[in-house]
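Here is a short tour of some helices and sheets, written for someone who likes to check the geometry alongside the text. Please keep the viewer open as you read.

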Number of protein chains: 2
Amino acid sequence: MYERGAVVSLDEVARAAGVSSATASRALSGRGHVSPATRQKVNEAAESLGYVVSSAASSLASGRSRSIGVMAPDLHRWFFNSVLSGISDTLTRAGYDLTLYNVTNDPQLRREIFRAFLRRRRVDGVIVVALELDEWETEQLGSLGLPVIVLGGRPRALPGMAIDDQGVTRLAAEHLLTLGHRKIGYIGGDHAFDVDYHVPTQRREGFDQAVEAYGLDPADSPAGVADFTIPGGYRAAKQLFGTPGASFTGLVAASDEMAIGVMLAAKDLGVQIPQQVSVVGVDGHELGGLFGLTTVDQHPVGQGRTAAEHILGRVDGQGNGDSDLPFELVVRSSTAAPAEVEPF
Amino acid sequence: MYERGAVVSLDEVARAAGVSSATASRALSGRGHVSPATRQKVNEAAESLGYVVSSAASSLASGRSRSIGVMAPDLHRWFFNSVLSGISDTLTRAGYDLTLYNVTNDPQLRREIFRAFLRRRRVDGVIVVALELDEWETEQLGSLGLPVIVLGGRPRALPGMAIDDQGVTRLAAEHLLTLGHRKIGYIGGDHAFDVDYHVPTQRREGFDQAVEAYGLDPADSPAGVADFTIPGGYRAAKQLFGTPGASFTGLVAASDEMAIGVMLAAKDLGVQIPQQVSVVGVDGHELGGLFGLTTVDQHPVGQGRTAAEHILGRVDGQGNGDSDLPFELVVRSSTAAPAEVEPF
DNA sequence: AGTCATACTGGAAGCGCTTGCATTCAATCA
DNA sequence: TGATTGAATGCAAGCGCTTCCAGTATGACT
């Protein structure tokens with residue numbers, strides 16, 4: 001039904017340039033010795049014929065596909081689609097394609113991705129974004145014989161890049177403590193939500209460390225559990241604000257989406273931010289500005305870029321992948337020194 | 001550096017099953033005649049050896065890559081990543097890969113995607129999500145010799161699927177008019193924002209039609225311009241709410257994100273929804289429930305699924321693509337009959 | 001002048017599949 | 001019963017590149 005319009009082959013380019021296809025290949029790919037004059041002739045021929053290499057033929061012959069696989073969970077979550085944008089941008093600039101594997105909750109589909117999709121040798125490397133991998137999955141990835149990099153979380157067996165997940169919440173909590181808050185609450189994830197690799201635990205840990213460093217008992221901190229989304233944060237905050245006796249002047253949320261949920265809940269309940277409660281999040285969400293949210297920005301787009309650069313380097317046999325990612329506190333209007341005002 | 005772990009070839013499977021590689025290929029792909037007994041032998045051999053077809057070799061030999069290209073703009077926008085999820089889900093289930101081309105504002109990158117990426121013959125079909133294509137791009141897509149489907153917008157030259165973009169806003173406005181509102185405002189896009197193919201104009205048109213049908217003059221409707229995002233809607237609403245003399249009891253926003261921005265602005269300004277102003281959006285945003293937003297749901301995930309099914313059908317030579325997509329009004333708490341209360 | 005390294009180029013062998021064609025064999029039919 | 005048909009299978013020719021190897025030419029060096 002769809003016949004490919006006259007597709008130009010390397011042979012035609014070679015003929016037009018008056019060289020062999022071997023030389024044409026070398027000229028176009030930049031590998032091997034080709035005289036400048038020949039190279040130009042070939043390039044011109046290719047240009048004028050509109051030649052584009054066939055990825056299938058090239059892959060088959062060279063064993064390289066010029067494509068990177070990206071496995072990511074829920075694309076609705078801002079963090080993940082941000083990382084994906086960053087990866088996509090860098091790969092496109094490098095002339096690589098991006099094969100997306102959206103790993104959903106369907107266990108069968110998920111299994112199939114690890115079993116078959118990745119093995120088709122369509123990709124030269126894999127970036128795993130914030131997935132909690134079980135042992136079998138880790139093994140599958142490892143046995144691929146391809147560079148793999150896990151972004152977010154540090155599975156023992158695979159090279160990873162991650163922010164210091166304790167560091168971010170520690171920084172967030174320290175910010176509040178420095179401002180003078182002494183009674184601060186925490187809203188974070190639960191182990192049951194394993195979309196993030198151990199992230200919930202790590203983040204809570206960081207919070208605790210900061211609190212303890214100020215001689216306080218983390219157990220005294222009112223805590224809520226949510227799933228890293230806006231509605232999740234909203235619900236948790238409503239509950240927290242409504243808990244009798246659980247007063248606090250500051251609140252750390254383990255993600256900006258939760259923090260935004262908190263701010264919405266506060267608005268609904270008439271709790272004033274930051275007069276009655278200061279709120280800090282983690283991520284650097286694009287809506288942070290709109291809400292005046294103080295946050296620990298982890299530059300997700302940059303993380304995507306970095307991961308992509310890294311994997312591209314590894315495809316060429318450089319580096320090994322483990323590294324730390326930067327983050328920084330961005331202070332906006334959702335935090336202030338605790339006022340003399342009655343806490344909520 | 002990374003040697004591929006013992007990759008199993010079709011020949012090995014064939015040998016293990018005691019047949020020729022031709023038969024093994026037919027057995028595995030399901031094409032051609034193979035006796036049930038042979039088929040089973042081959043399947044078992046493949047299974048036990050962990051054989052997975054090489055996509056490059058298969059593509060080269062058959063001309064089919066079992067991959068679909070998806071071109072999408074800004075992944076942050078909820079609508080786009082929803083559609084993408086839907087596409088991904090359907091493709092994965094069908095055993096297809098998804099090659100993502102995130103089309104950004106960088107004109108050079110964008111050009112390159114159309115010029116080279118799509119021509120590498122890595123994909124069997126292309127789904128274009130809500131991109132305003134210029135003539136050259138349309139032509140490139142058309143000359144690919146591949147099934148292409150444009151989701152959202154209807155470029156003359158390419159088959160497309162779209163909701164009735166006039167219909168959605170007409171429905172939204174009719175909802176308000178039916179409730180008794182007679183002074184309703186509109187927040188929509190601008191031609192300058194061409195991420196959506198003609199969508200801004202179409203949606204405004206639909207709104208006007210509804211208003212006119214009630215004997216009102218669309219020119220009397222207070223209107224704001226925004227870029228389909230939450231902050232955009234927020235800014236436009238602040239302006240609209242602050243315009244002297246521009247009173248209205250209902251507001252139609254051309255996207256849910258804008259509508260959410262409107263609600264946030266209203267909250268900040270103390271404008272009560274729906275008591276003073278009723279708000280309707282378009283999309284079916286996942287946060288609609290949280291905000292109690294009345295909306296015209298266009299089921300973006302479903303759209304993605306439908307588009308994917310369609311393109312898969314076209315790859316197999318069926319159908320031609322043009323079709324309408326369903327949408328429906330979802331009434332929540334952001335709309336009500338105009339109260340006796342003073343409008344904002 | 002002779003040797004050797006080096007730059008450039010072409011021939012040709014695959015890469016791992018799919019598929020057209022030929023072959024075999026058993027079932028069907030007049 | 002011989003001719004016909006069709007299912008089942010194998011052979012082998014590619015698909016369009018990359019790259020090893022060999023060959024030639026050119027320049028450098030002793």
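Axes here are lines fitted to C-alpha atoms, for helices over the stretch in contact, and angles run from 0 to 180 degrees between N-to-C directions. Please bear in mind that this is a predicted model.

With that in hand, look at two helices of chain A. The axes of α2(A) (residues 21-29) and α3(A) (residues 36-49) come within 9 Å and cross at roughly 90°. Angles from 65 to 115 degrees count as roughly perpendicular, and therefore α2(A) is roughly perpendicular to α3(A). On the α2(A) side, the contact involves A:Thr23, A:Ala24, A:Arg26, A:Ala27 and A:Leu28. Helix α3(A) contributes A:Thr38, A:Arg39, A:Val42, A:Asn43 and A:Ala46. By residue class, this contact has five nonpolar, three polar and two charged members.

Next comes the sheet of chain A. It is open and mixed, with six strands in the order β7-β6-β8-β9-β10-β12. Its edges are β7 (223-225) and β12 (328-330) of chain A, each of which pairs on one side only. From one strand to the next, the twist averages 20°. Within the sheet, β8(A) (residues 250-253) and β9(A) (residues 278-283) pair in the parallel sense over three bridges, and A:Leu251 has A:Val279 as its bridge partner in β9(A).

Now turn to chain B. Here too an open sheet of six strands has mixed pairing and the order β7-β6-β8-β9-β10-β12. Its edge strands are β7 (223-225) and β12 (328-330) of chain B, and the twist averages 20° from one strand to the next. Strand β10(B) (residues 294-297) pairs with β12(B) in the antiparallel sense over three bridges; B:Thr295 stands opposite B:Val330 of β12(B).

| Helix | Strands touched | Angle |
|---|---|---|
| α9(B) | β6, β7, β8 and β9 of chain B | about 170° to β6(B) |
| α11(B), residues 256-269 | β6, β8, β9 and β10 of chain B | about 155° to β9(B) |

Finally, which residues of α9(B) are buried? They are B:Val199, B:Pro200, B:Arg203, B:Gly206, B:Phe207, B:Asp208, B:Ala210 and B:Val211. These buried residues pack against α8 (165-179), β6 (184-188), β8 (250-253) and β9 (278-283) of chain B. Helix α9(B) has 15 residues and reaches 21 Å from its first C-alpha to its last, close to the 21 Å expected at 1.5 Å a residue. Just after α9(B), B:Gly215 adopts a positive phi of about 75°.

Terms used. Residues are numbered from 1 along each chain as its sequence is written. Chains are lettered from A and ligands numbered from 1 in the order in which they are written. This is a predicted model: local features need pLDDT of at least 70, side-chain atom pairs count only at pLDDT 80 or more; totals for chains, interfaces and linings use all residues. Side-chain values use heavy atoms; hydrogens and water are left out. Two strands pair if DSSP finds at least two bridges between them. Helices (H or I, at least four residues) and strands (E, at least two) are DSSP runs, numbered from the N terminus. Angles under 35 degrees count as roughly parallel, over 145 as roughly antiparallel, 65 to 115 as roughly perpendicular and the rest as oblique. Contact means heavy atoms within 4.5 Å. Ala, Val, Leu, Ile, Met, Phe, Trp, Tyr, Cys and Pro count as nonpolar, Asp, Glu, Lys and Arg as charged, and the others, Gly among them, as polar. The expected span of a helix is 1.5 Å times one less than its number of residues. Buried means under 20% relative accessible area, exposed over 50%, partly exposed in between (1.4 Å probe, protein chains only).
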